[in-house]
Amino acid sequence: MLRARIPGITLALMAAMWTTGGASADTNVALGKTVSIVATDPDPSAGFNNGTAGNLQNITNGVILPDATAYSSAAAIAQAIEWNGAGYVFQISLGALYTLSGLIVDVDDNDAYQLQYYNVSTSSWDALYTAPIVSDGFGLRTRPSVSDQSEEYILSSPVTTDAVRIYGGASDDNFCFDGSCGQGGYAVGQVELFGTPAVPEPSTWAMMLIGFAGLGFVGYRQRQKLVGAASV
């Protein structure tokens, strides 16, 4: 009975990949990731509160301001993106595929904000979460919970993506709740995305294991040929 012996290096690779696919704690995978502007607002009155978009990278630095930090306060201007115009869209590029399970956003109280994720399976941007208008209090407030800044919004189903977008929509400043008004006064202080590095689907694992087994068998056959040639 022939038994294919898989080379040690192949076993090491399989073990490493299998370990990678094991369960691990979710972390903030957006931490330190690059933020860019991917859409602007054509309205001449649109723009940034401090005249620039210099705070883009701050919204992934892990800093959540104290609850109800006032819009346009020194602390908010130093940390948050503050802008006018509903046309602006900001993108967080994760740099690799991650499986997201939850999130926290710190945004202005009297606006709704839409988060989308890039669906790598369909090459489309799909809804991830809508941060609702908060009717009580003021300033920057976390969602989903304004009373517990560490509480995550847990996705109904994990999603795999390499990028997330956020933009402002409905606002009670102009009594516009359908996202069509280009109201001023949007602010995003922080976006935290919790997840783990994406792992291959079960079918992909199966294909890789078959491939490794094939490599082992090829190695076995080559060794048998060498042994046969040496005995002649």
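The questions and answers below go through a predicted model of one protein chain.

Residues are numbered from 1 along each chain as its sequence is written. Because the model is predicted, local features need pLDDT of at least 70 and side-chain atom pairs count only at pLDDT 80 or more, while totals for chains, interfaces and linings use all residues, and side-chain values use heavy atoms, with hydrogens and water left out.

Q: Which element of the protein chain has the lowest mean pLDDT?
A: The pLDDT is the predictor's confidence in each residue, from 0 to 100, and the protein chain averages 82, with 70% of the residues scoring at least 70. Helices (H or I, at least four residues) and strands (E, at least two) are DSSP runs, numbered from the N terminus. Where pLDDT is low, the predicted coordinates should not be read in detail. Strand β1 (residues 27-28) has the highest mean, 98, whereas the lowest, 46, belongs to helix α1 (residues 8-20).

Q: How many contacts beyond four places in sequence does the model have for residues 9-23?
A: Contact means heavy atoms within 4.5 Å. Over residues 9-23 the pLDDT stays under 50. For this stretch, the number of contacts beyond four places in sequence is 12.

Q: Which residue in β7 is the bridge partner of Leu115?
A: Two strands pair if DSSP finds at least two bridges between them, and β6 pairs with β7 in the antiparallel sense over 7 bridges. These two strands form a hairpin with 4 residues between them, and Ser123 in the turn has a positive phi of about 55°. Within β7, Leu115 has as its bridge partner Tyr129.

Q: Is Tyr117 buried or exposed?
A: Tyr117 is found in strand β6 (residues 111-119), a strand that is mostly covered, with 8 of its 9 residues buried. Because its relative accessibility is 11%, Tyr117 counts as buried.

Q: Which residue forms a salt bridge with Arg141?
A: A salt bridge is a side-chain nitrogen of Lys or Arg within 4 Å of a carboxyl oxygen of Asp or Glu, and by this rule the count comes to 1. The closest N and O atoms of the pair are 2.9 Å apart, and the partner of Arg141 is Asp67.

Q: How far from Asp108 is the nearest side chain of opposite charge?
A: Asp108 has its place in strand β5 (residues 89-108). Lys and Arg count as positive and Asp and Glu as negative, while His and the chain ends are not counted. Asp108 is buried yet has no salt bridge, and the nearest side chain of opposite charge, Arg143, lies at a distance of 7.0 Å.

Note on methods. Buried < 20%, exposed > 50% of the residue type's maximum accessible area, 1.4 Å probe, protein only.
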